[in-house]
Amino acid sequence: MTALLQVRGLTKKYLGLTAVNDVSYEVETGAIVGLIGPNGSGKSTSIDCISGFQPADGGQWLLDGNDLTGLAPHRIARAGLTRSFQTVRAYDELTLLENLLVAAQENDGIGWLPALLHTARVRAAEAAATARARDLLQTVGLADYADAPAAILSYGQRKLLAIAASMMSRPKLVVLDEPVAGVNPTMVRRIEAVIRKLNEEGVTLVIVEHNVDFIMNLCRRVVVLDQGIKIADGPPGLIRSDPRVLAAYLGKQGAEEATQRG
Amino acid sequence: MSARQLLLAVIAGLIALFAIPLLTDNDYVLALGISFAAMSVLAGGLNLIWGYTGLLSFAQVGFFGIGAYTAVLLVVDLGWSLWAGVAAGGVLCVVVGLLVGYSSLRLSRHAFAIVSLSFALLCAIIARDWPELTRGSMGIPGLPTPELKLPGLRWRIVDPADYYYLLMGFAAIAHGLIYLVVTSRLGRAMRAIKLNEPLAQSQGVNPLAYRLLALSLSALLSGIVGGFFVFYLTIIDPSIFDFYYTETMLISVVIGGPGSFWGVLLASAVMAVLPDLLRFTTDLRMVLYGVALIAAMILFPGGIGGWLYRRRVARWRRPQPRDPAKSTP
């Protein structure tokens, strides 16, 4: 069986600096894969590339066998790869419900004219999307605020809304960029539970995080980047003791000390 | 207000507006109504492109003038009917609008603002300096009386009351169309693009497509209203591209609140009456406009629509008594 997401030789250069250097990895259907690495290791750049927000300088990536290389962000989203952003984004002036409805409306293949005329087909699609949006708001615990403008949400609640929004279109793969950065421990557990629940419902996820404990808890496979190069790829247990990973996070000397103690 | 109440209020408002020429033949009142109808369509078009999709456009007056010149030249030089001339003007505006939009939007929103401004200035220069086509700065005076000929109906559009019906009728259609767009899910996608473009893209929304849609529709409506309006003026000259129109549109949208359909409509009505209330100030009027615009931006950010939005946010932020058993963090 081929993997859901295949990234082959992804490369991104900024002037002289190679931010992502020939990185390849695969994500199996139904998995939660962690993408970790120290600051500046190319995590965010690599997902900006595969979601179309940054042009890649080399490489190829396929979702479910479809080549997404070089497509515009909205085309990649429609192909089934959605993402959240590190700087949490929401439509402040729209209600939570509208925030989620926007995230679904480009995926039902209904054109502008029927949308303008509110045809029966549009009403049915909107009703179905509204039902799904209410379900997702229930899942992330924001159902009480369905009709409130997103501007009233706290930082952690905005992260939950962003996760719900990235699920609205029933994507094949969701990339979450730092879903728990800067969030209090209670909210971290809540977000973890939401991610698990969505995964049980069949969503495949790639999670970029600095919070290593969070990743080790949640993922059965972890990809580690350092200075734009993939240095490890495997189950969390092996990653924890991999000398190259320890060296990347703790420096060479720290890694040696850690191994001696371990 | 429920949908039903809104519908009744709109019907009552339309009946009142259309009854005015029956109640009075005061030319001044009718002139105010005609000016409100024309300017409100321009402001509504600007609101659609700026208030909903987030593109500050100075090109609207260009569409207004191109629609006007096209209609006049087709009627005067080629003997077309007003209706065909106006329709052709509207279509030409859509084509021009798509060219302006497509060429600049591939760069950025800011590029669009600059290109749209250059476009409007260029229109005025062409109107003045291409006399073979436009008769130059002298313009074309004494435009012919238009006529509507349908089986069993012959309507000569002569009196201010006729123009009042013509322009108010078109304004009603134009605002109806804009309302349909902004309250449909197309309008929701447009607002999403304005509020957070990368997020919208990450959800499959194509910003360029929606912006070109908004731009085409606003160009079409502005062009058509320009065509009707010059026949009421009975003269066309390069002043149809005057910055005064842009300023009136901008003030209407700023005071009404970008992205607020009813707010902008209300502000257009105020802006139709205000110039005459301020007539005693003569040349000081434009200065007062500027002061009003700055004061509105400082004291009343987001206009009427912004004020309503802040009230909505405040209402949700107020602690609400709720069942502790189902409270959310």
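1. In helix α4 of chain B, the buried residues are B:Leu82, B:Gly85, B:Val86, B:Ala87, B:Gly89, B:Gly90, B:Leu92, B:Cys93, B:Gly97, B:Val100, B:Gly101 and B:Ser104. Buried denotes 20 or more other C-beta atoms within 10 Å of the residue's own, exposed 12 or fewer, and partly exposed the range in between, with C-beta atoms placed from the backbone. The cover over these buried residues includes α3 (60–78), α5 (109–129) and α10 (207–233) of chain B. Helices (H or I, at least four residues) and strands (E, at least two) are DSSP runs numbered from the N terminus.

2. The model is predicted: local features need pLDDT of at least 70 and side-chain atom pairs count only at pLDDT 80 or more, while totals for chains, interfaces and linings use all residues. Residues are numbered from 1 along each chain as its sequence is written, and chains are lettered from A and ligands numbered from 1 in the order in which they are written.

3. Between the chains, 36 residues of chain A are in contact with 28 residues of chain B; contact requires C-beta atoms, placed from the backbone, within 7 Å. On the chain A side, α2 (73–78), β6 (81–83), α3 (96–105) and α4 (112–117) each give two or more residues. The largest contribution is that of α3(A), with five residues. This side comprises 18 nonpolar, nine polar and nine charged residues. Ala, Val, Leu, Ile, Met, Phe, Trp, Tyr, Cys and Pro count as nonpolar, Asp, Glu, Lys and Arg as charged, and the others, Gly among them, as polar.

4. The axes of α3(A) and helix α8 (residues 185–195) of chain B come within 10 Å and cross at roughly 105°. The two helices are therefore roughly perpendicular, a term covering angles of 65 to 115 degrees. A:Glu98, A:Leu101, A:Val102 and A:Gln105 meet B:Arg185, B:Arg188, B:Ala189 and B:Ala192 in this contact.

5. Chain A is divided into domain 1 (5–89 + 171–261) and domain 2 (91–152), with bounds from an automatic or database domain assignment. Their C-alpha centres lie 29 Å apart. Four residues of domain 1 are in contact with five of domain 2.

Terms used. Contact = placed C-beta atoms within 7 Å. Axes fitted to C-alpha atoms, helices over the stretch in contact; angles between N-to-C directions. Parallel < 35°, antiparallel > 145°, perpendicular 65-115°, else oblique.
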